[in-house]
Amino acid sequence: MYGLLNRSGLSRAPYEVEQCRTKKLFMSAQQASVLECERHLFNLKFAVKDLERNAKKSEKEERVEKTKCKKAIQKGNTEGARIHAENAIRQKNQSLNYLRMSARVDAVASRVQSAVTTRRVTQSMAGVVKAMDAAMKSMNLEKISSLMDKFESQFEDLDVQSSYMENAMSQTTTTTVPLNEVDSLMHQVADEAG
């Protein structure tokens, strides 16, 4: 019918159609992967907010327990004061644990965000390169110019997103803070408090 056969003995047209179908399936699988990563990213960000909310709640409960402890001491109820003091310490530790977990999850979310952004930019650049190839073949200068503008715009967006990610990573990576600076600040605050 078409006259030309490929290696398997099928005519070229159906073989090329099958390749196009496979390519479309692959592209939709990549897009599905990006969407899945974005869904996970949303869930991670939601978890960070939830952990921060729980940390604030624990801090509030710690203050309430401290107040109860103070009142119990004023009434001479040392056993009750001890119980409230233990509860306050437990709430403080729980708050710190929530904050630590929040920072860790936020760091993971930042890495996922970076991966999603990189994947998007890579896909966009691949599309731009293909379009540029097509434009170069036709040598349509207007089309080449518009593609170059789009490419520059995407690169600027990448720079902005990269700087945002670097900033977020430096803020969430609490383990890189020098311990001597932390100790110095704690002593300074303790001196000011009396």
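View 1. Cys69 is buried, at a relative accessible area of 14%. Cys37 is partly exposed, because its relative accessibility is 25%. Buried here means under 20% relative accessible area, exposed means over 50%, and partly exposed lies in between, with a 1.4 Å probe and protein chains only. The disulfide count is 0, where a disulfide is taken as a pair of cysteine sulfur atoms within 2.5 Å. A disulfide is a covalent bond between the sulfur atoms of two cysteines.

**Basis of the views.** This is a predicted model, in which local features need pLDDT of at least 70, side-chain atom pairs count only at pLDDT 80 or more, and totals for chains, interfaces and linings use all residues. Residues are numbered from 1 along each chain as its sequence is written, and side-chain values use heavy atoms, leaving out hydrogens and water.

**View 2. The whole protein, with 4 helices and 0 strands.** From the N terminus, the order of elements is α-α-α-α. Helices (H or I, at least four residues) and strands (E, at least two) are DSSP runs, numbered from the N terminus. The protein has 194 residues, and 19% of them are buried. Among contacts with a separation of 6 or more, 70% join residues 24 or more positions apart. Contact means heavy atoms within 4.5 Å.

**View 3. The largest nonpolar core, 6 residues in all.** Its members are Leu41, Leu44, Val48, Leu51, Val105 and Ala109. Helix H1 (12-75) and H2 each give at least two residues to this core. H1 provides the largest share, 4 residues. A nonpolar core is a set of buried Ala, Val, Leu, Ile, Met, Phe, Trp, Tyr and Cys residues joined through side-chain atoms within 4.5 Å. What does Leu51 touch, not counting residues up to four places away in sequence? Leu51 touches Tyr98, Met101, Ser102 and Val105.

**View 4. Residues 41-68, a stretch with a UniProt label.** The unreviewed UniProt entry lists these residues under "coiled-coil region". UniProt positions follow the numbering used here, feature names are shortened, and annotations may be inferred rather than shown by experiment. In the model, residues 41-68 are 100% helix and 0% strand.

**View 5. Ser95 in helix H2 (residues 78-138).** Is Ser95 buried or exposed? Ser95 is buried, because its relative accessible area is 3%. Beyond its neighbours within four places in sequence, Ser95 contacts Ala55, Ser58 and Glu59.

View 6. Met132 belongs to helix H2. Leu147 sits in helix H3 (residues 141-172). Met132 is partly exposed, with a relative accessible area of 25%. Leu147 counts as buried, at 11% relative accessibility. With neighbours within four places in sequence left aside, Met132 is in contact with Leu147 and Met148. Met132 and Met148 are 16 residues apart in sequence, and their C-alpha atoms lie 8.3 Å apart in space. Leu147 and Val129 are 18 residues apart along the chain, with 9.0 Å between their C-alpha atoms.

**View 7. Confidence along the protein.** The mean pLDDT is 76, and 70% of residues reach 70 or more. pLDDT is the predictor's confidence in each residue, from 0 to 100. Among the elements, H2 has the highest mean pLDDT (85), and helix H4 (residues 179-193) has the lowest (65). Over residues 1-6 the pLDDT stays under 50, and the model has 10 contacts beyond four places in sequence for them. Residues 8-12 also have pLDDT below 50, with 7 contacts beyond near neighbours in sequence.
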